[in-house]
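Take a look at the picture, and then we'll start with a term.

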Amino acid sequence: MTAERVISQDVEATVRQHQEHDAAGNSKFGFIVFLLSESVIFLSFFTGYIVYKTTNPDWYPPGVTGLETREPLINTLVLVSSSFVIYVAERYLHDKKLWGFRIFLLATMAMGGYFLLGQAVEWSSLPFGFKDGLFGGMFYLLTGFHGLHVLTGILLQTLMLGRSFISGNYDNGFFGVEATSLFWHFVDVIWIVLYTLIYVWQ
Amino acid sequence: MSKLRAILIMTVYAILVTLASIWMAKQSYSWFPPEASAESKLLDDLFSLFTGLGTFIYLGVIGPFLYSLVFHRARKYDMSDGPPIEGNTWLEIVWTAVPLVLVLTLSFVSYRTYEKMAVRGPMELVHLHLPQIIQPAYAAPFDSTPQQEIENAVETAPIEEIDVTAKQWAWVFHYPKQDITSTELHLPVNRRVRFTLRSEDVLHGFYIPAFRLKQDVVPNHEIDFELTPVKTGTYRLRDSMFSGTYFAANQADVVVQPFNEYQQWLADAAAASPTPAFNQAAFEYSQANDQEGATKDNVVVRGWDTIPPASPPVVNYAPKHEPDSPPT
Amino acid sequence: MTNISLEAPEVVRGQPYPGAPDNWKRFFTFSTDHKVIGIQYIVTSFFFFLIGGTLSMIMRGELITPDADLVDRTVYNALFTMHGSIMLFMWTFPVLVGLGNYLVPLMIGARDMAFPRLNAVSFWMVPVVGVLMLASFLVPGGPSQSGWWAYPPVSIQNPTGNLLNGQVLWILAVAISGVSSIMGAVNFVTTIFRMRTPGMTWFRTPAFVWSVLGAQLIQLYGLPALTGGAVMLLLDITIGTSFFAPERGGNPILYQHFFWFYSHPAVYVMILPVFGMFSEILPVHARKPLFGYRVIAASSILITVVSGLVWVHHMFASATPSWMRILFMVTSMLVAIPSGIKVFGWVATIWGGKIRFTTPMLFALGGISNWLFAGITGIFLASVPIDIHVNNTYFVVGHFHYVLYGAIVMGIYAGIYHWFPKMTGRMYYEGLGKLHFALTYLGTALTFLPMHPAGLMGMPRRVASYDLEFAYWNVLASLGGFLLGLSTLPFILNMVSSWIRGEKVGNNPWRAYGLEWLTSSPPTVENFEELPLVVSGPYGYGRNQPLVGNTPNPGLTEFPESLTAMQSDEL
Ligand code: HEM
Ligand SMILES: [Cu+2]
Ligand SMILES: [Cu+2]
């Protein structure tokens, strides 16, 4: 019993040290858990989309035969590459190169903004609305809900950009930036699935 | 010695539990309305089996539980602990395996019963895109009497087709061959009946307790539903899927008659010209919205706005009065 | 037992929380202490339990006669909708989150939850949900009247035509409660995964913690599906989209899948922590280790997984194709097995023990016996042919109240009594507790047993009026319902009076194992001065084995039954 006590005290003193001060680790873990949960909302929307599409042969609103895929493809490429851009930004921060970080973060925001703009242009040119049948409903629900996430991502990035000017902001690690970046990758992955479902599978 | 006593006690208890389970299984038949369809007999047998096994499990667990509560109490000043037993691998394996076998058996038996009932018509198989198994399940050779009844009903006579329309809050039955409508469901005894269930507005539930059968009625989706009445009498059809304000009042009578009486009834109804039937929901609604309405004072607490009921159905045949309760 | 100073209780109570405001006032602040938040949850939700209970009493008043004569039909429909919704979203979920909040950090030797501020935010959303729910009684058209399932198309029919109506408020309330639950779940899962004290390996973690983990994982995978469905429903009502509206080409059945994909597992969100409490309480009051602890612990996680695969059993009578009916019948039957294992484990735990009929023990035992009954009727319901007859009848109402009242509410009572001395430092009154138990147990049987035969006879649920043939069973159930209403009085009296002036009983009146008993009662702000170092499994009864290898709260003088040493009274 005493032997066990000595060993465990020895071994776990470090563990304890770690645990008590690893608030950022907790946050990261919690954030990943949250994202996994959030993805189930998208999953249920996707399931709904698939069910509607497979059970209603004529589910496009009258006069609509499909979607234009070219512009959205450009949009997709921009969004997907922005994931790499924010990764580069994160690397810069790791190397304590603040300006590199800021520039690449700004680039990410610009690309996200471009995506949202493209989305808005597409929406305004479509011949159907939210209330036009199941397809209209599902289309706007999915793209709109995803768009909200893109917007949230951009807002988070703005916040991170602003905070990078506060001195001493990174003394306790940069969980905020990591989370923002993780969120952005998440939004990206969702979009790839969404694009496949809505635009590729017609 | 004490081991012998334990075995003895356990044996006696097991016998008692078995007897009690058999008794409950027999008893369970009396908990139901009359068995008015072939399917209801199948269901009651299944339910009886479940009741017997359920009683056995319940008493089998609760016996040792109560025994322990009575005989393993701490004495007043006994502050010691019990024996530090943390588990027993064999026991745990056994009490995982036995329930596993049991529920798989129950699943299988339930599946057989369901298959014998064959309540979902061939429509469903069409939807499954499996035309090769359209051959109805009830053609399989089964032994028990109810199955025989279903089979006979299918073989001896053409299936009676009846359209059922549910709405807020009325049931309308349409006999397509004679093109007549009714708010009371008349059925020939010992014939297979196939309903086509439709809803005009929300979900409803086509539920006849004496037949032990129920099927939700879904708007925009026709559902085939089959059964075989085997006992003449008047039963109750109830809406079982909550459908809004007057849901509880959305009931109709089901009259199962000998075939010739049924034919007669069809002929009489065909001769009658359509008239508006009594409708409980429409009646209550009109009273509640009457300025000086008598029912204004019928309830203590007044309510809120409701979706107005559809106007009373216009049908060839309607019972003269509001539906009766079946005799108890 | 410590001697108490009946002369001046208020002096003795003092301020157990240094730096905290006056003792009771801290419960009305935005505190981030998990113990304060836990009690906030418990007390707030109990308040809503009383409201939900009052609604049920009015329903039973209506149902004591066959005709719809006490309240209008719309009112009855609103009553069962709000009763169900309040009981689930405002009582059962939050009270269990409260107990988990209080106990999990203590049991795993943490100083607080992983995210204390998030925790407080989660709690403060609960009153908002409650206000929204209750406010819906005041809007034109009244509260939602579509049942707690809110199935379309009934739920998207809008008699008043207003945008602000009971159904919309209901969806908003449920959505906020969902956000609160998700945040809580993230918090619990992170806490349990990352904050266990050194030495507390998975298989030294108490069964209650396992069960909370299982329950919260369900919240994480299930709630988003419900949220998705609710968003689409809300759009259908407000904007006029066509997802579930048949007249616009929508599919109302899809909603049922969204709803039950969450709401079946949700049953396990409620029952799992109760299972966990049974597993904690029995060993203490029977003085024996939990039998088959590892299997019981792991079966919680098994339930988490399997309960996600059974949801269609709520839709057997729906437009569900036969192959789906059979498939989900089998999975539903299988989910009974981990629950069965637990029951066997509990019986084996008390077998040969030194049982004491304390109030928590009585409630736990009563809860287990009711669960056994409800579990068996549950297997009936899993069988497709049987369910086709009893689905949407009072048989189901009887079954799920046996779960909800018979097992879950009883289990919650058991937990509250068992940890009351820990939360307050005082003991409840045993006599009142036993009276409470007797009334609850009898009331449950009298209310909910008669519902089973009524259902077998064919009485549908959600009816404001019924045929004369059901009158007998309904009169019995109504009388039982009023008895249950009565049964809460001794409980309230007991809690209030013993919290104020109950006997002070020290830190570990039950001589129980468990880290929560190693700290003072009520525990200090951060629970442990030094994190405990766990050196053995959680149920060391009869083994003379210490639980921890250090003294977590060295300053604590009054520590007669310290688990850090051998139990002094061991023979
Ligand atoms: C005094 C104790 C209680 C009584 C007398 C009671 C009675 C009732 C009654 C009469 C119904 C309506 C049945 C119907 O019309 O279909 C009902 C429904 C319901 N009750 Fe209770 N109940 C009690 C406690 C509880 C508790 C503690 C819970 C949950 C923890 C609960 C959850 C529900 C739910 C979920 C429904 C279904 C509502 C719906 O159909 O949408 N009840 N209860
Ligand atoms: Cu179909
Ligand atoms: Cu379920």
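Q: How should I read a polar contact?
A: A polar contact is a pair of N or O atoms within 3.5 Å; within protein, one must be able to donate a hydrogen and the other to accept it, and residues adjacent in sequence count only if both atoms are side-chain atoms. Between chain C and chain B there are 33 residue pairs in polar contact, both partners at pLDDT 80 or more.

Q: Before going on, what conventions apply here?
A: This is a predicted model, where local features need pLDDT of at least 70, side-chain atom pairs count only at pLDDT 80 or more, and totals for chains, interfaces and linings use all residues. Residues are numbered from 1 along each chain as its sequence is written, chains are lettered from A and ligands numbered from 1 in the order in which they are written, and side-chain values use heavy atoms, with hydrogens and water left out.

Q: Which helices of chain C supply at least two residues each to the side that touches chain B?
A: Helices here are DSSP runs (H or I, at least four residues), strands are E runs of at least two, and both are numbered from the N terminus. On the side of chain C that touches chain B, the helices are helix 3 (73-107), helix 7 (252-286), helix 8 (293-306), helix 9 (322-334), helix 10 (336-350), helix 11 (359-382), helix 12 (384-390) and helix 15 (451-457).
By class, that side has 63 nonpolar, 29 polar and 17 charged residues. For the classes, Ala, Val, Leu, Ile, Met, Phe, Trp, Tyr, Cys and Pro count as nonpolar, Asp, Glu, Lys and Arg as charged, and the others, Gly among them, as polar.

Q: How much area is buried between chain C and chain B?
A: Buried area is the accessible area (1.4 Å probe) that two parts lose on being put together, summed over both. For chain C and chain B that comes to about 8,500 Å², with carbon and sulfur atoms giving 68% of it. In chain C, the residues losing the most area to chain B are C:Arg73, C:Phe291 and C:His389, together 7% of what that side buries. Counting contacts instead (heavy atoms within 4.5 Å), you get 109 residues from chain C and 94 residues from chain B.

Q: What about chain A and chain C?
A: The salt bridge count is 0, and 4 residue pairs are in polar contact, both at pLDDT 80 or more.

Q: Which residues come nearest to ligand 1?
A: A residue is near a molecule if one of its heavy atoms lies within 4 Å of it. Of the 26 residues around ligand 1, C:Tyr76, C:His83, C:Trp148, C:His401 and C:Arg462 come nearest. An oxygen atom of ligand 1 is 2.8 Å from a polar backbone atom of C:Trp148, and a nitrogen atom of ligand 1 is 2.8 Å from an N or O atom in the side chain of C:His401. Helix 3 of chain C gives the most to the shell, with 7 residues. By class, the shell has 15 nonpolar, 8 polar and 3 charged residues.

Q: Where does the salt bridge of A:Lys28 lead?
A: The side chain of A:Lys28 meets that of A:Glu178, at 3.6 Å from N to O. This pair links distant parts of the chain, 150 residues apart, with A:Lys28 in helix 2 and A:Glu178 in helix 6 (residues 175-200) of chain A.

Notes. A salt bridge is a side-chain nitrogen of Lys or Arg within 4 Å of a carboxyl oxygen of Asp or Glu.
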